[in-house]
Amino acid sequence: MENNLIEYLKNNTSSNTEITVDTLLLEENILDSFGIIDLICYIENTFSIVIPDDEFDISNFKDINSIIKLIQKIR
């Protein structure tokens, strides 16, 4: 799952920052508000889940580890 998310971010962002599970995606300017929306669509389609509105909290998208925890929680 983590490799899938890292590859998505590498291929769909313009950042040259190395992305690991701990990379702060917003602070490192890897994601912006539109990037988060694209990422949410990707996550929902790829992992066959629907992220509830109350989970649209920036803390759930701060890094890959947070995103994985969110996906596991929803599953």
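## Terms and model

A residue is called buried when its relative accessible area is under 20%, exposed when that area is over 50%, and partly exposed in between. The structure discussed here is a predicted model.

## Overall fold

The protein contains three helices and zero strands, and its order along the sequence is α-α-α. The radius of gyration is 11 Å, close to the 11 Å given by the globule rule for 75 residues, so the protein is as compact as a globular protein of that length. The C-alpha trace spans about 30 × 20 × 20 Å along its principal axes.

Of the 75 residues, 40% are buried. Among contacts with a separation of 6 or more, 52% are between residues 24 or more positions apart.

## Surface and charge

The accessible surface amounts to about 4,700 Å², and carbon and sulfur atoms contribute 44% of it. There are 5 positive and 14 negative side chains in the protein. The centres of these two sets are 7 Å apart.

## Helix H3

Helix H3 covers residues 64-74, and its buried residues are Ile-64, Ser-66, Ile-67, Ile-68, Leu-70 and Ile-71. An α-helix has 3.6 residues a turn, so residues three or four places apart point the same way.

At the start of H3, Asp-63 places a side-chain oxygen within 3.3 Å of the backbone nitrogen of Asn-65.

## Thr-13, between H1 and H2

Thr-13 is located in the loop between H1 and H2. Its relative accessibility is 19%, so Thr-13 counts as buried under the 20% cut-off. The side chain of Thr-13 reaches the backbone oxygen of Leu-9 at 2.5 Å. Leaving aside residues up to four places away in sequence, Thr-13 touches Ile-30 and Leu-31.

## Phe-56, between H2 and H3

Phe-56 sits in the loop between H2 and H3. With a relative accessibility of 41%, Phe-56 counts as partly exposed, because that value falls between the 20% and 50% cut-offs.

Not counting residues up to four places away in sequence, Phe-56 touches Ile-40, Ile-51 and Phe-61. One of these, Ile-40, is 16 residues from Phe-56 in sequence, and the C-alpha to C-alpha distance of the pair is 9.1 Å.

Terms used: Residues are numbered from 1 along each chain as its sequence is written. This is a predicted model: local features need pLDDT of at least 70, side-chain atom pairs count only at pLDDT 80 or more; totals for chains, interfaces and linings use all residues. Side-chain values use heavy atoms; hydrogens and water are left out. Buried means under 20% relative accessible area, exposed over 50%, partly exposed in between (1.4 Å probe, protein chains only). Helices (H or I, at least four residues) and strands (E, at least two) are DSSP runs, numbered from the N terminus. A polar contact is a pair of N or O atoms within 3.5 Å; within protein, one must be able to donate a hydrogen and the other to accept it, and residues adjacent in sequence count only if both atoms are side-chain atoms. Contact means heavy atoms within 4.5 Å. The radius of gyration is taken over C-alpha atoms; the globule rule is 2.2 Å times the number of residues to the power 0.38. Accessible areas come from the Shrake-Rupley method with a 1.4 Å probe; for residues, only the protein chains shown count as cover. Lys and Arg count as positive and Asp and Glu as negative; His and the chain ends are not counted. The place of a charge is taken as NZ of Lys, CZ of Arg, CG of Asp or CD of Glu.
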